[in-house]
Every structure is written in C-alpha cells, then in structure tokens.
Amino acid sequence: MHELGIIININKTLEDVAIENRVEKISSVTLELGEVSGIVPEFLSDCWNYYRKKTPLLEDAELVMERLPAVTLCEDCGKTYPTVEFGRECPYCHSPHTYLLVGNECSIKEIEAC
C-alpha cells in the first residue's frame, strides 16, 4: 500500500507550508488525483484518517479528493481522447503513437487553515 507513503510526503509538504505561513492548524486539504495515477482513493482516505490523528497540525483536517480525467494525445493525427475508455491506441486513426497528457497526477490543489 503506497498510499501511506503518499500521505507521509503530503504531510511533510503541509508542515513546510504551515511553517512558512505561520499556520498552526489545517482544516482542509484538497488533492487532485489523476484517473490513472494508481492511487486508490479509499486507501488514501483510510491512510489520511490514520495519519492525521498522529499529527497535531492535521488532527481535525478533512481530505477532499478531486479526480482528474486521463487524456491521451495521438502524435499522428493530433487528436486527444479519454485514456481509460480507449487505451493506448487512438480511436480516430488507430495509431499506437500516443502518450498520456494528463491523468497520472497527485498534487495538492488547496489548503485551508483554521
């Protein structure tokens, strides 16, 4: 379960931001999770609930997760398409020369302080 490691790294970032901005408590953290990031939201939520109880800065903080759809670009025809629905082959020209534009992210979008 790599979700706990993700939460630990997010916590380090939150602690740095809190020190920089003289924040003592965080009430909410919004994460953007790509559709093909490999992160299981339920596991991430469980790890958050476990870890925040050990961290005074986050003990009452809510975790909000926003899913970002995965989008792939075809290098041959230049069109984009939903990755999960069509996979690696372009549905327009059937080219295998494609790459993921967005959808594998895990980033902090917003932090709310008390």
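What is the relative accessible area of Glu 59?

Analyst: Glu 59 has a relative accessible area of 36%, and this makes the residue partly exposed; the scale calls a residue buried under 20% relative accessible area, exposed over 50%, and partly exposed in between, with a 1.4 Å probe and protein chains only. The model is a predicted one, in which local features need pLDDT of at least 70 and side-chain atom pairs count only at pLDDT 80 or more, while totals for chains, interfaces and linings use all residues. Residues are numbered from 1 along each chain as its sequence is written, and side-chain values use heavy atoms, with hydrogens and water left out.

The side chain of Glu 59 forms a salt bridge with that of Lys 25, at 2.3 Å from N to O. This pair joins distant parts of the chain, 34 residues apart: Glu 59 sits in the loop between helix 2 (41–52) and strand 2 (62–68), and Lys 25 in the loop between helix 1 (3–21) and strand 1 (26–34). A salt bridge here is a side-chain nitrogen of Lys or Arg within 4 Å of a carboxyl oxygen of Asp or Glu, while helices (H or I, at least four residues) and strands (E, at least two) are DSSP runs numbered from the N terminus. Lys 25 is also partly exposed, with a relative accessibility of 26%.

The count by this rule comes to 2 salt bridges, and another pair is that of Lys 109 and Glu 66, whose side chains meet at 2.9 Å, N to O. Since Lys 109 belongs to strand 6 (residues 106–113) and Glu 66 to strand 2, this pair ties together parts that are 43 residues apart in sequence. Lys 109 is partly exposed at 47% relative accessible area, and Glu 66 is partly exposed at 29%. In general, side chains of opposite charge can pair when their charged atoms come close.

The strands named so far belong to an open sheet of 3 strands in the order 2-1-6, with mixed pairing. Strand 2 and strand 6 are at its edges, where each has a single partner strand, so one side of each is left without a neighbour in the sheet. On average, neighbouring strands of this sheet are turned by 20° against each other, with direction ignored; such angles, which run from 0 to 180 degrees, are taken between the N-to-C directions of lines fitted to C-alpha atoms, for helices over the stretch in contact. Strand 1 and strand 2 run in the parallel sense and share 7 bridges, where pairing requires that DSSP finds at least two bridges between two strands. Within that pairing, Thr 30 stands opposite Val 64 in strand 2.

Helix 1 packs on this sheet by touching strand 1 and strand 6, and its direction makes about 45° with that of strand 6. Helix 2 packs on the sheet as well, touching strand 1 and strand 2, and its direction makes about 160° with that of strand 2; contact means heavy atoms within 4.5 Å.

Back in the loop between helix 1 and strand 1, there is also Arg 22, whose phi is near 55°, a positive value in a residue other than glycine. Arg 22 counts as exposed, at 79% relative accessibility, whereas Lys 25 is partly exposed.
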